[in-house]
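Please keep the sequence and the model at hand while reading.

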Amino acid sequence: MDNEIKRIPCKNRDCDKTILEATDVKTGGYCYPCYNSIKAKEREEYIRKNKKDVNLYEGITDPVEMIKIIYKNKKYDPLINYISCLKTKEEVYVSLLPNDVERLKKYVMELFKNDNDEWEKILLDLVCINGANIDEILEALIAEFKIFESSLFYNASDRIAELLMEKLKSKDDRLSVNHILLALAMIGNDRVVEAFNEWKKNEPDFSKDLYMKAYEYALESGWKLDNKGKRKNLYYEKSYGIKKGFSEKNTPVKFLKTQGEKCEWCGRKLKSLFTIDLQNENMKFLDLDGEKINISTCDNCTCYGFIYTDIDTKGNATWSKHNSEPSYLNTHDNEEFQEGSDDKKVYIDLNEKAENYAANQFFEVNFTKIGGIPAWIQGAEFPKCPKCKEEMKFVGQVSMEDFEDYREGIYYGFVCNECKIAATGYQQT
Ligand SMILES: [Zn+2]
Ligand SMILES: [Zn+2]
Ligand SMILES: [Zn+2]
């Protein structure tokens, strides 16, 4: 055919594409995919040759200054490699002296007044890692109604509880009441327990439109009122996180081991979220009977509801007759969990952590842990023991990101020690 457009082969010998003459002029003989990949390689090479290390921490010994730098938005520049702080964030916060804490609080207030969002991240770490009291800042937050992050109220005093309760009298929109109750539940001291007891007896007007009762907000912070009206924690008051790599010694916690027993709904083999050696000194805080506890689940099916297992004192777990199959269950698509690759190996870190370690989904930490307060992604969900009907105690959580790329969400493990029943649940964003 005469009017056939003339095409010439791409200059790359390994490429079988042909190009128009117009393209040839622009790319020097390459098809666009080949041209783009050559250009990308040139750019990479340029960056590799010209990239410079920038150490913002050089000569800085003041921990407050270090913290300022840690959170500062560092402008992304492909030619800059920011050297990270020699100390971990945790180490820096733990090293703060009372005077440093005061200086950091002043800095946070400046950020807050200037509408710079960094204030919230710094405060969260200050309260949860350092355990500092930030009452005077909370007062300012309450005044401006910036109380969306209840974890900030962890160490707050009676004065703050009273201020929040004052607000309950004046505010009546649902969202505000919700946040005030979450903050009060987090404070959870005697004053709050007293108020929640009153509200349990007489449901107050302000909570009539909420989807749960005022006193039930306690569960959002991991506690409830027992039948004597006392605070009962549904979690252990200390915790252990994980470290990346291979452990040197025998470790008291084994994560994600495949079990012999099968899921009665989908037929997959059960996985032990964790099996804990209860005789190990570090694990004695769990105060559970026997040699070992194994909290197992079907990692597929527990995404649709709680899965219960009967447990013994030797580390066995079997499918419980109390399980009732959810009306919707997808048993096909979810890929079976694979043992992590070597760079995804983790082990339990036997440096004791506080109860609120890794208890808030906005922390930048590995969330897998034993003990402490759960990090809920979708709000608190404590299963009730199918035998005694009481809320079950949180034992630990496994964050899939710690074990596998491309997996997300957190599996939660619970136990009723009296009835020898364990339960698991799952949440994701
Ligand atoms: Zn080509
Ligand atoms: Zn299953
Ligand atoms: Zn029970």
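F145 is located in the loop between α7 (135-143) and α8 (158-170), where helices (H or I, at least four residues) and strands (E, at least two) are DSSP runs numbered from the N terminus. The model is predicted: local features need pLDDT of at least 70, side-chain atom pairs count only at pLDDT 80 or more, and totals for chains, interfaces and linings use all residues. Residues are numbered from 1 along each chain as its sequence is written, chains are lettered from A and ligands numbered from 1 in the order in which they are written, and side-chain values use heavy atoms, with hydrogens and water left out.

F145 is not a glycine, yet has a positive phi of about 55 degrees. D115 is not a glycine either and has a positive phi of about 60 degrees. D115 sits in the loop between α5 (98-113) and α6 (118-130).

F145 is buried, at 15% relative accessible area, whereas D115 is exposed, at 59%. Buried means under 20% relative accessible area, exposed over 50%, and partly exposed in between (1.4 Å probe, protein chains only).

## The zinc site

Four cysteine SG atoms, from C263, C266, C298 and C301, coordinate the zinc ion (ligand 2) at 2.2 to 2.3 Å. Donors are N, O and S atoms within 2.8 Å of the metal (3.2 Å for Na, K and Ca); water is not among the atoms, so sites may look incomplete. The spacing of the donor residues in sequence is C-x2-C-x31-C-x2-C. C263 belongs to the loop between β9 (253-262) and β10 (269-277), and C298 to the loop between β11 (292-297) and β12 (307-311), so the pair ties together parts 35 residues apart in sequence.

The ideal angle for four tetrahedral donors is 109.5 degrees.

C263 is buried, with a relative accessible area of 4%, and C298 is buried at 0%.

Strand β17 (residues 393-399) has 6 of its 7 residues buried. Two strands pair if DSSP finds at least two bridges between them.

| Partner of β17 | Sense | Bridges |
|---|---|---|
| β16 (residues 369-372) | antiparallel | 2 bridges |
| β18 (residues 410-416) | antiparallel | 6 bridges |

K369 stands opposite Q397 in β17, and K393 faces V415 in β18.
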